Amino acid sequence: MSTTTAPKPAAPERPAQQLRTRRPVRPAAVAKNLGALLLALLFVFPVYWMFSSALKPADQMLTKDPVFVFTPTMDNFGKATGVENFWTYVTNSVLVTLGAVLLALLVALAASFAIARMRFKGRKGLVLTVMMAQMAPWEVMVIAMYMIVRDAEMLNSLPLLTAIYFVMILPFTIWTLRGFIAAVPVTLEEAAQIDGCTRGQAFRKVIFPLLAPGLMSTSLFGFITAWNEFAMVLILNKEKTAQTLPLWLTEFMSAFGNDWGATMAASSLFAVPVLLIFIFLQRKAVGGMTAGAVKG
């Protein structure tokens, strides 16, 4: 005689509100979020004030009480771009900056690969030299560099300025790319060589595609360094036709006063390329800054 068991009644469904568990609010987490928000506002406010001041009329620029609501005007941007040799400044900055960054990437790729993959006599000394060059303040060498360049009759030379910026950003580029190459497993390169690739082909087809975050982060750093550099071009390039945009910002300051509206407009235009590049590369750049700092 077979016995059958009656099915168990289904458990009553709980309301959706009862299934949701509310996490307790932690005062420490709230304090950290508020602190981060205040810190972000502290850094963002100067940028906002610069862009807003560039749009203010002249009579609302220097007032006793800050003016937050006003009718925007483009007059300040007209004054900023109406300076003589403005497009010469732009062209010189673009050529010098891009030239220095591209040269640094090409040289740093070879140097960082040698440091990360090869074992040779003097390797540790080379790494130490790169680190010391990265930490050295370039401003202390301005006078000596000026005397050398003057004696060589190479003042007001854009190729020389490009070479100086290239040397300035090269140590950081080598150090960062070295970390990225060291993070790539050697087995991938060896597998490519087993499949018939030479060492150069293995680097080009296997390692190089994996270096995109490192290339972007180092390119961003190099671009910002060369784009913002002021002391070298001020000392070495006295002619207007050989100067870059950082010196363009000084066109609105004189012994009779400063045109703050034009200065803010020029500063805004000067910062726009860096902001756009950072927004475009921010994810890769942030990952590159951290991932490249590995022990090797």
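## Exercise 1: Rings in the core

Phe113 and Phe203 are both buried. Keep in mind that the model is a predicted one.

**Task.** Work out which class of aromatic pair Phe113 and Phe203 form, and which helices they join.

**Solution.** 
1. For Phe113 and Phe203, the ring centres are 5.1 Å apart and the planes sit at 70°.
2. The cut-off for edge-to-face is over 60 degrees, with centres within 6.5 Å, so this pair is edge-to-face.
3. Now place the residues: Phe113 belongs to helix α4 and Phe203 to helix α9 (residues 199-207), so the pair ties together parts 90 residues apart in sequence.

## Exercise 2: A second ring pair

**Task.** Classify the pair Phe172 and Phe221, then decide whether Phe172 is buried or exposed.

**Solution.** 
1. The two ring centres lie 4.0 Å apart, with the planes at 35°, so this pair is tilted.
2. Phe172 is part of helix α7 (residues 158-183) and Phe221 of helix α10 (residues 212-228), so the pair links parts 49 residues apart in sequence.
3. Buried means under 20% relative accessible area. Phe172 has 13% relative accessibility, so it counts as buried.
4. Phe221 has 31%, so it counts as partly exposed.
5. Phe45, Tyr48, Trp49 and Phe68 form one aromatic cluster.
6. One charge to look at too: Arg178 lies over the face of Trp175, 4.4 Å from the ring centre.

## Exercise 3: Positive phi

**Task.** Find where Asn85 and Glu153 sit, given that each has a positive phi without being glycine.

**Solution.** 
1. As background, most residues other than glycine have a negative phi.
2. Asn85 has phi near 70°, and its place is the loop between α3 (75-81) and α4. With a relative accessible area of 25%, Asn85 is partly exposed.
3. Glu153 has phi of about 55° and sits in the loop between α6 and α7. At 72% relative accessibility, Glu153 counts as exposed.

## Exercise 4: What does Val149 touch?

**Task.** List the contacts of Val149, leaving out residues up to four places away in sequence.

**Solution.** 
1. Locate the residue: Val149 is in helix α6 (residues 142-151).
2. Check the burial: a relative accessible area of 6% makes Val149 buried.
3. The contacts are Met154, Leu155, Leu160 and Leu236.
4. Take Leu160 from that list: its C-alpha is 8.8 Å from that of Val149, and the two are 11 residues apart along the chain.

## Exercise 5: Zooming out

**Task.** Describe the whole protein chain in a few numbers.

**Solution.** 
1. The chain has 13 helices and 2 strands.
2. Of its 296 residues, 35% count as buried.
3. Of the contacts between residues at least 6 apart in sequence, 72% join residues at least 24 apart.
4. The accessible surface is about 19100 Å², with 68% belonging to carbon and sulfur atoms.

Conventions
Residues are numbered from 1 along each chain as its sequence is written. This is a predicted model: local features need pLDDT of at least 70, side-chain atom pairs count only at pLDDT 80 or more; totals for chains, interfaces and linings use all residues. Side-chain values use heavy atoms; hydrogens and water are left out. Helices (H or I, at least four residues) and strands (E, at least two) are DSSP runs, numbered from the N terminus. Buried means under 20% relative accessible area, exposed over 50%, partly exposed in between (1.4 Å probe, protein chains only). Contact means heavy atoms within 4.5 Å. Accessible areas come from the Shrake-Rupley method with a 1.4 Å probe; for residues, only the protein chains shown count as cover. Rings of Phe, Tyr and Trp (its six-membered ring) pair if their centres lie within 6.5 Å; planes under 30 degrees apart count as stacked, over 60 as edge-to-face and the rest as tilted. A charge sits over a ring if NZ of Lys or CZ of Arg is within 6 Å of the ring centre and within 35 degrees of the ring normal.
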